[in-house]
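Have the structure open while you read.

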Amino acid sequence: MGHIRDLPASAAEIPAKVKNEDWARLGVNVAANFEPLYVIPRSKKKVVKALSEALAKADELILATDEDREGESIAWHLTEVLKPKVSVKRMVFHEITNEAIQDAIKNCRAIDDKLVQAQETRRVLDRLVGYTISPLLWKKIAPGLSAGRVQSAAVHLLVEREEERRRFRSGAYWDLKATLEAHGGTFTAQLTALGGVRLATGKDFDEATGQIPKGKKVLLLSEAQAKDLARRLKAGDWLVTDVSERDQTRTPAPPFTTSTLQQEANRKLGLSAQQTMRTAQRLYERGLITYMRTDSVHLSEQALRTIRQRVTDQYGPKFLSRTPRQYRTQAKGAQEAHEAIRPAGARMPTADELGLTGQEYGLYNLIWKRTIATQMADAQLRLTTVQITVDNAEFRAAGKRVLFPGFFRVYIEGADDPSAALDDQETLLPPLAAGEQVRCKALEPVRHDTKPPARYTDATLVKALESEGIGRPSTYATIISTIEERGYVRKAGKQLIPTFTAFAVNCLLERHFPDLVDTNFTAQMEQVLDEIAEGGQAGGPYLHTFYLGDKGLEQQVKVKEKEIDPRAIHALVLDEAGARVRVGRYGAYLEQERDGELLRVSLPDDMPPADLVESEIKRLLSEKQSGPTPLGHDPASGEPIFVLQGPYGPYVQRGENGNGEGKSKPQRVSLPKGISPDSVTLENAIALLNLPRTLGKHPESGEPVEAGIGRFGPYVRHNGEYRSLAAGDDVLTITLERALALLAKEKGRQRTELLRELGAHPDDGEPVGLYDGRYGPFVKHGKVNASLPKGMAADQVTLESALALLEKKAAAKPRRKKSANAK
């Protein structure tokens with residue numbers, strides 16, 4: 001159920017007795033040593049009532065919340081709200097098994113006040129930053145924006161990487177790939193040097209210019225030179241000049257922590273950090289894995305015995321490590337739980353033995369394999385390098401052979417680069433020796449282009465947050481989901497692409513509140529919170545210095561509110577084009593001054609900032625000033641056909657925009673999903689604009705069946721009955737037969753589909769469901785429906801987030817309709 005009380009989330013939750021206090025909106029009484037104002041949300045009142053009634057009949061209260069800081073805080077809040085008159089014990093455990101629970105009951109303790117104070121300080125600190133900076137963003141940039149102690153530092157990392165991509169200039173280089181034959185086998189070799197000079201590779205280029213710096217002693221081949229060289233060398237004598245071998249030992253990776261589990265699940269299973277944590281939570285609650293919020297890599301003695309027995313039984317004694325392998329935790333500020341994430345219990349069955357399916361199968365299998373691998377023997381590899389010369393050119397071939405697979409039999413840690421070869425794949429070379437000749441079967445010139453720094457994924461951002469000391473294991477998933485929900489980042493595949501809004505907010509914070517986006521400063525704050533948890537210092541004095549000190553946040557905001565000129569805050573300054581990108585009430589727009597006039601053009605929501613290059617800037621501004629260039633002209637009417645970008649996405653248009661009275665509005669049709677503006681031909685555009693089209697007559701009614709595009713996307717219709725096209729259907733090519741099949745489905749007016757039940761509502765026990773409707777996904781309880789906010793995907797919705805959405809919707813006052821004769 002999470003927290004049963006928290007700081008007020010809205011003005012409606014503020015108690016009447018303090019509503020008029022000047023600190024009430026903040027939810028923290030700064031003058032009273034930062035005393036927090038705790039309220040019980042409406043969604044948790046039934047839970048509190050049920051607990052109170054149960055406690056009235058009990059002779060003992062055992063607080064069995066999670067064993068981390070958050071769990072300790074929840075336990076404290078329970079005692080504060082329930083006010084028990086019976087004995088109270090704090091019970092902690094890291095796996096839900098009979099043995100673990102019985103042991104925990106025997107070893108109860110008191111609530112750790114230091115952990116509680118650390119969590120409360122963290123919560124107050126986050127509120128002070130969010131509620132003090134966010135209103136400034138509303139005034140200086142656009143309404144609805146927010147800042148946060150941790151989220152702003154995370155956004156800064158994303159913006160920095162996108163800026164690196166914007167500055168990046170690609171360079172091209174050529175080399176040769178030889179396919180060689182010897183001893184009945186073939187292998188490949190790469191050109192590495194010519195005339196004793198090393199061939200240029202990607203690492204030799206300056207990312208800012210796309211050129212090789214002057215004075216660097218490398219050889220850069222052009223396409224023509226590479227092709228000439230290939231023709232000259234192919235028929236030459238290819239001689240092996242050196243063969244070297246070295247053995248390599250690979251040891252298994254440590255067992256999973258929260259961070260490494262999120263990284264591997266993203267790489268190998270494609271799960272977001274939030275999906276990983278939700279799935280892990282279910283596995284933990286079912287008693288299948290140990291507690292999933294931890295930065296420890298320690299394994300208990302019992303776990304080690306179980307793992308080693310499973311290795312022996314399943315793979316044989318030769319695959320067992322000689323001695324038990326234990327790992328040391330190296331994460332900054334390591335705390336939370338005290339054991340790595342592993343299968344729970346004394347048996348550790350496989351995912352197949354448990355009968356798991358879907359994401360639970362994939363994640364448990366990943367945890368099981370990683371855990372088992374920790375106690376397996378090292379893998380033994382032999383790496384071979386062969387040097388081959390022909391004329392004045394030097395080639396190199398590399399081979400790899402697995403001498404003993406060891407833990408490779410079970411698990412190989414994934415790579416972020418999806419095209420990278422996994423380490424368990426062998427690259428075998430023929431048995432070559434120095435002095436022997438090999439035959440060249442093919443010699444191919446190969447072009448390479450240097451690549452910009454990769455955008456962050458869930459996996460690499462979690463890794464960066466951990467290495468920088470930003471946040472803690474329990475917060476990584478929340479950080480990523482928060483910046484998505486707030487519109488600071490969008491996902492394209494696995495890539496996390498910062499938006500122009502993120503750039504604008506980062507610009508303001510970087511200039512005027514640099515500490516809030518400084519990863520070192522954020523990491524130092526985390527260390528202070530860890531010290532409070534360990535009893536090293538008190539929370540009150542730290543909060544006083546941070547917020548009320550001479551350079552405290554409150555004073556900074558008062559000064560900056562007067563100083564900051566909104567016109568000086570840009571998402572991007574495009575000096576090469578003499579333009580700016582700003583963010584306003586309706587999104588991002590490009591502006592440039594031309595001949596004393598200010599040109600403004602809206603930018604698509606899904607445009608990556610790094611893709612706004614000079615040629616695209618010129619095109620957008622030119623179209624705005626002189627009008628867009630038509631795709632062609634309609635042969636029937638002679639009117640121009642355009643492909644345009646609007647606030648709701650791309651569309652095609654027939655005719656010019658009307659100016660003045662008497663001119664009709666041009667016809668427009670949105671592009672169906674999956675069709676990019678660049679791929680639209682004149683023929684496609686005219687076909688879309690000529691919709692709806694008649695497919696034929698219905699065999700029963702004799703009335704026409706049509707296909708078209710409406711407000712809610714592509715459809716087929718007959719006699720006023722509409723059906724949306726399914727994935728894979730094309731409005732321009734759909735047949736009468738397929739349309740009849742769609743029309744035969746979903747009889748009646750019901751257009752919503754239950755995606756999944758989220759659980760029972762705490763107030764009445766009635767189900768809370770997640771539905772897909774004609775306007776998109778929404779949550780429903782009784783007669784209350786609440787749409788998902790922009791940026792929240794359907795698979796991210798939990799019962800707790802649904803209750804918050806429903807409560808917000810229920811609390812909103814319905815708009816009063818104006819009467820027909822109202823003046």
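## A partly exposed pair

Let's start with Arg 439, which counts as partly exposed because its relative accessibility is 47% (buried is under 20% relative accessible area, exposed is over 50%, and partly exposed is in between, with a 1.4 Å probe and protein chains only). Its partner is Glu 181: the two side chains meet in a salt bridge, 2.7 Å from N to O. A salt bridge here is a side-chain nitrogen of Lys or Arg within 4 Å of a carboxyl oxygen of Asp or Glu. Glu 181 has 27% relative accessibility, so this residue is partly exposed too.

Glu 181 sits in strand 5 (residues 172-182) and Arg 439 in strand 11 (residues 437-449), so the pair links parts of the chain 258 residues apart. Strands (E, at least two residues) and helices (H or I, at least four) are DSSP runs, numbered from the N terminus.

## How to read the model

This is a predicted model, in which local features need pLDDT of at least 70 and side-chain atom pairs count only at pLDDT 80 or more, while totals for chains, interfaces and linings use all residues. Residues are numbered from 1 along each chain as its sequence is written, and side-chain values use heavy atoms, with hydrogens and water left out.

Across the whole structure, a search turns up 42 salt bridges. One of them joins Glu 526 and Arg 149, whose side chains meet at 3.3 Å, N to O. Glu 526 belongs to helix 16 (residues 519-533) and Arg 149 to the loop between helix 4 (113-140) and helix 5 (151-167), so this pair ties together parts that are 377 residues apart in sequence. Are these two buried or exposed? Glu 526 is buried, at 0% relative accessibility, and Arg 149 is buried as well, at 3%. Both residues also belong to a network of salt bridges that links Arg 122, Asp 126, Arg 149 and Glu 526.

Another salt bridge connects Lys 216 with Asp 204, and the closest N and O atoms are 3.5 Å apart. Both residues lie in the loop between strand 7 (197-198) and helix 6 (223-234), twelve residues apart. Lys 216 is partly exposed, at 38% relative accessibility, whereas Asp 204 is buried, at 3%.

Four strands make an open sheet in the order 14-15-16-17, with antiparallel pairing (two strands pair if DSSP finds at least two bridges between them). Strand 14 (572-574) and strand 17 (597-602) are the edges, each pairing on one side only. From one strand to the next, the twist averages 30 degrees.

Inside this sheet, strand 15 (residues 579-584) and strand 16 (residues 587-594) are joined by six bridges in the antiparallel sense. Gly 584 stands opposite Gly 587 in strand 16.

Strand 18 pairs with strand 19 (residues 640-646) over two bridges, in the antiparallel sense. And what is the bridge partner of His 633 in strand 19? That partner is Pro 640.

Conventions
Axes are lines fitted to C-alpha atoms, for helices over the stretch in contact, and angles run from 0 to 180 degrees between N-to-C directions.
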